[in-house]
Amino acid sequence: MLDLIPALMVVVLIIFFFLIFQLNGKLYEPLLRFMDNREQTIAKDLEAAQNLSSDSEELQAKAQSNLEAARSEAARLRQEAIEKAKLANAEAMEAKQKSLEEAYAQFRVRLEEERESLRSSVLSQLPLIKESLKAKFSQI
């Protein structure tokens, strides 16, 4: 059957330990170093991503506050423009009202003058009218 040769077993054992030593130095240690470096890189990248996320949230908050400030400023400016327009409109209405009142006063003065001239004209022609009325009544 199979014979066990102790010298051969010792040589195989030495070759086995030599292979383990060589694999450890040339394969396993660099592989473990690479895996550790990769974990550290991933951890750094996660931390950087979280910092960027917090920075972006701060920037988002600042942008939101700037937007709200701009909206309130726009509302204030709009309100001021409305106030100015109302004031200008009120002044224009007041000026138009005064001009209409002046025109009405001039109209009343002219109307009164025309009334007086018509009255004086009627009074000056009153004797003629009386004569014509007498003539008409006499015909009836």
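The model is predicted, so local features need pLDDT of at least 70 and side-chain atom pairs count only at pLDDT 80 or more, while totals for chains, interfaces and linings use all residues. Residues are numbered from 1 along each chain as its sequence is written, and side-chain values use heavy atoms, with hydrogens and water left out.

The chain has two helices and zero strands. Its radius of gyration is 58 Å, well over the 14 Å that the globule rule gives for 140 residues, so the chain is more spread out than a compact globule.

**Overall form**

- Helices (H or I, at least four residues) and strands (E, at least two) are DSSP runs, numbered from the N terminus.
- The radius of gyration is taken over C-alpha atoms, and the globule rule is 2.2 Å times the number of residues to the power 0.38.
- The C-alpha trace spans about 180 × 35 × 15 Å along its principal axes.

**Surface and charge**

- Buried residues make up 0% of the 140 residues in the chain.
- Buried means under 20% relative accessible area, exposed means over 50%, and partly exposed lies in between (1.4 Å probe, protein chains only).
- The accessible surface comes to about 13300 Å², and 63% of it belongs to carbon and sulfur atoms.
- Accessible areas come from the Shrake-Rupley method with a 1.4 Å probe; for residues, only the protein chains shown count as cover.
- The chain carries 19 positive and 22 negative side chains, and the centres of the two sets lie 16 Å apart.
- Lys and Arg count as positive and Asp and Glu as negative, while His and the chain ends are not counted.
- The place of a charge is taken as NZ of Lys, CZ of Arg, CG of Asp or CD of Glu.

**The helices**

- Helix α1 covers residues 6-124, and E39 is found in it.
- E39 is exposed, with a relative accessible area of 55%.
- From E39 to Y104 is 65 residues along the chain, and their C-alpha atoms are separated by 95 Å.
- Helix α2 (residues 126-139) has 14 residues.
- From its first C-alpha to its last, α2 reaches 20 Å, close to the 20 Å expected at 1.5 Å a residue.
- That expected span is 1.5 Å times one less than the number of residues in the helix.
- Of the 14 residues of α2, zero are buried, so α2 lies largely in the open.

**Salt bridges**

- A search of the whole structure finds four salt bridges.
- A salt bridge is a side-chain nitrogen of Lys or Arg within 4 Å of a carboxyl oxygen of Asp or Glu.
- R76 pairs with E73 in one of them, with the closest N and O atoms 2.3 Å apart.
- Both R76 and E73 lie in helix α1, three residues apart, about one turn of the helix.
- R76 is partly exposed at 38% relative accessibility, and E73 is partly exposed at 35%.
- K98 forms a salt bridge with E94, and here the closest N and O atoms are 3.9 Å apart.
- K98 and E94 are four residues apart in helix α1, about one helical turn.
- K98 counts as partly exposed at 47%, and E94 counts as partly exposed at 48%.
- R115 forms a salt bridge with E112, the closest N and O atoms being 3.8 Å apart.
- R115 and E112 sit three residues apart in helix α1, about one turn.
- R115 is exposed at 55% relative accessibility, whereas E112 is partly exposed at 38%.
- Salt bridges that share partners join E73, R76 and E80 into one network.
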